[in-house]
Amino acid sequence: MDALEEKEEDEQRVEEKLGGLAVSDDLQDVETKVPVEQDCLPKHSVDMSQLPSSYKTNSPKEKQLLHIADNFLRQYIHLCPNRKPLFLHPVNECGVEKFVSTTVRPTLLPYTELYDWDGCARFVSDYLVMEPLECPITLPSSLYSPTTTLKHQRGNCFDFSVLLCSMLIGAGYDAYCVQGYATLETCTLDETQELCPLLRKPPEEAGKPKCEPLHGLRVHAWVLVLSGKREVPETFFINPFTGNRHNTTDKRFLGIESVWNHRNYWVNMQDCRHGCKDLIFDLGDAIRWEIMLSESNPLQLLPEEEEELFDSDTEREKRMSFDVPPSWVAPIRIPPRQFETRYCQGKKVTLYNKAKLKKWAPYLNGNGLVQRLTIYAGPDYTDVVEVREWFENREDILVRREVNKQTQLTTDYFSKGHSFCLKAHTYTLLEPKTGHTMEFYNEARVDGLQKRVETASEMTEYFMGRDDFLYLRHVDFGKQGDETQRIDMNSKPIRQIKECFHRNPEKPADEDVAECIFLITEEDIHLTYHLKDKYITASKKLFHKLPERASKEHEVFMTPETCITYQAGSFEKGKSLFHLYNLLKDLTAKEKLVKEQVRQSEAEVLTILKIRQTEEADIKLSVSVYNRDRNEERRRHHEAMESTVKDEVLGQKKQDLDYLAPFLIQNGCRDKLNQKQALCVRDDCLTDFKHHLTYKINVIQARLEKAVEELQKRHLWFQENKNQLNTKEKDDYLSSCSESMFHINVLEQRLNREKQMAPQKYLALEDKLCMDPRIAEHLGYI
């Protein structure tokens, strides 16, 4: 491989330059741990006393495998003298050499998020803290177990890859660890030139990578996932540092030396001068991939004088038929609390191109914030343009918030389940008359409202799926000084209401209203009908309401001049006066109804704003009933169950003692019993046990009666004082009642169980006494 030969020729010159390299991208954000070229501290110390013996020693089969690996390595070096060393058997955390395939421990963890490759990759990239290699162009001297990597939550690219590969294989993927070369940004986890994945992806890759002296020499490890298993359609790479998926032609990856999984080890024999884009990942191809433990063609034979470097026929046969021993790594386990906490110390910060992404563990922030993306105007991360936040577990079901720093507009997004079916809310302040745009889950609302836009002077509502085909309602409000159309001090005077309707196919077009405008101040009503086919004008009607007649029925006063009609394409006489009178009467009633609906919409806006103000002032997080650590009621129930189990275990241990010892001493018996002593011991034992059962039931009964009495007193106090109590005192009362009822329920269950089991326990003891050899011989049972 010419590229690798050129790398080795320049290696000495490059190593001399390493000492003089300076940090050029010194970011000022102390929270962002963007790796740079630096002298690295040694790997974290490990307490070997807590590790299993498999970490400290090698089994005979592992020793045999190491011998085979050494022999394979000698042949490889002889045949490929210009190639870099293989990563075959580094030492583990105990300083013991281990073959890399045995460090992979396939594991399926009990979390649904880790059943797919993207969930596994995201977890590894979030959970671990990246440590650069001690030297960027040489292999690490050690490879720790995935369990130690998880414990310390940090590692280099090889540690990341082995852990991720173990999880992917456990989840059913055909995954492999890769030893190869990558770009500076990939090896150092520098994403400051990358667009944040949460933002829109660019159409093409940006410019060429920066020239740097170690290009093509930087050692990196990542994961290869082959197509086939788990319905993977196409082979791809996973960068374990970021958890991102990449094509095998991606220019970030510059070459591959070898790959391995938990069963075998393959050496790449293909040319990597053009990176990985031309590589064929058919591991069964003995020309392109030299396999270590398989029935494939061995390395090519050399002249007889060099045969001592190679396997004998017996050694080669052993190598080809040898199976990799089971992994020496202990089972990989991640406790639920650690899985939930996810990030090191519960948070993680990543810099992207003109963006900063912060992540937090659930429940770490009191407002439920789990992710914040800050978008900047320039690469110096100072001028904020927009902030996007994601939330979890909030009782107000807020899931996302976007704040535009230029327009000062805030948009809140809600999941389904809000009391008003609220989907999104855009505002500057949570105050009336400041302008609000509210979107709703229209399928969950009776009125089909999809969106409402309100300002100080107008309000527009959009509808979907209504039976009356209404899709828009626009309201113009008058000035605050106009008192003619106001109902109360909180409502705004209405000047005009316009409603728009979709086409109703069951009506003729010139009888199907398309637009209805109620001019409240002018007391006019305008109707515009849908266009008939092949017509360019629509039929219209204009009603001018006259004062109502003073009669009991308040009938509408109608004259021929009250309605002006335009009938498109018709020379016939218009509708009769009686028909127009009925239409005006219906429109007048509808106008009154529509105004009431507008007032209801105004009131709904005020109610939503009040609710949102209350929710933001006192943010509460919800907890699943299955989360015993945070769910107090669930925790108490679990503790009660554990207490019951402990009581049963303690009772079993007591049964293992000599239950007759106190009664033998009481009756002065030492060795063998006579008949009188045997009968006395039996009767005393039964009597004492009966008293014990009665006492236990009485104690539980007394506790139950006391709890019920206290609850009744508390309830009586509440009835007498409920009108003087504030909200907090009422909530405390309900909470205490809930706890009391839980306690009473437990006591009732224990009392019923004791009453049911007491006769059975007494008879069981009686049978046991009759079968006891010390008593049975005097009762005729033996």
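User: Which residues are linked in a network of salt bridges?

Analyst: Side chains of opposite charge can pair when their charged atoms come close. In this predicted model, the linked residues are R445, D447, R452, E461, R473, E499, K590 and E604. A search of the whole structure gives 43 salt bridges.

User: Where in the chain do R445 and E604 lie?

Analyst: R445 and E604 form a salt bridge, with 3.2 Å between the closest N and O atoms. R445 sits in the loop between β17 and β18, while E604 belongs to helix α10, so that this pair joins distant parts of the chain, 159 residues apart.

User: Are R445 and E604 buried or exposed?

Analyst: The cut-off for buried is under 20% relative accessible area. R445 is buried because its relative accessibility is 13%. E604, with a relative accessible area of 13%, is buried as well.

User: Which residue does E616 meet in a salt bridge?

Analyst: The partner of E616 is R394, at 3.1 Å from N to O. E616 is in helix α10 (residues 577-617), and R394 is in the loop between β13 (384-391) and β14 (398-404); the two are 222 residues apart. R394 is buried because its relative accessible area is 5%, whereas E616 counts as partly exposed at 24% relative accessibility.

User: Are E443 and K416 buried or exposed?

Analyst: Both E443 and K416 are exposed. Their side chains meet in a salt bridge of 3.8 Å, N to O. The pair connects two loops, with E443 between β17 (436-440) and β18 (449-454) and K416 between β15 (409-414) and β16 (422-427), 27 residues apart.

User: Let us turn to the nonpolar side chains. How many residues does the largest nonpolar core have?

Analyst: In soluble globular proteins, nonpolar side chains tend to be buried together. Here the largest nonpolar core has 62 residues, and those with the most contacts inside it are F123, F158, L168, V225, I238, Y265 and M292. Elements that each supply at least two residues of this core include α2 (60-79), α4 (117-127), β3 (175-182) and β4 (219-225). The largest share, 10 residues, comes from α6.

User: Which residues is L168 in contact with, leaving aside its neighbours within four places in sequence?

Analyst: With those neighbours set aside, L168 is in contact with W117, C120, Y173, A175, V223, V225 and I238. Apart from the core of 62 residues lies another core, of 36 residues, which includes F391, L449, F477 and C516.

How values were computed. Residues numbered from 1 in each chain as written. Predicted model: local features only at pLDDT ≥ 70, side-chain atom pairs only at ≥ 80, totals over all residues. Heavy atoms only, no water. Salt bridge = Lys/Arg side-chain N within 4 Å of Asp/Glu carboxyl O. Helix = DSSP H or I, 4+ residues; strand = E, 2+ residues; numbered from the N terminus. Buried < 20%, exposed > 50% of the residue type's maximum accessible area, 1.4 Å probe, protein only. Core = buried A, V, L, I, M, F, W, Y, C linked by side-chain atoms within 4.5 Å. Contact = heavy atoms within 4.5 Å.
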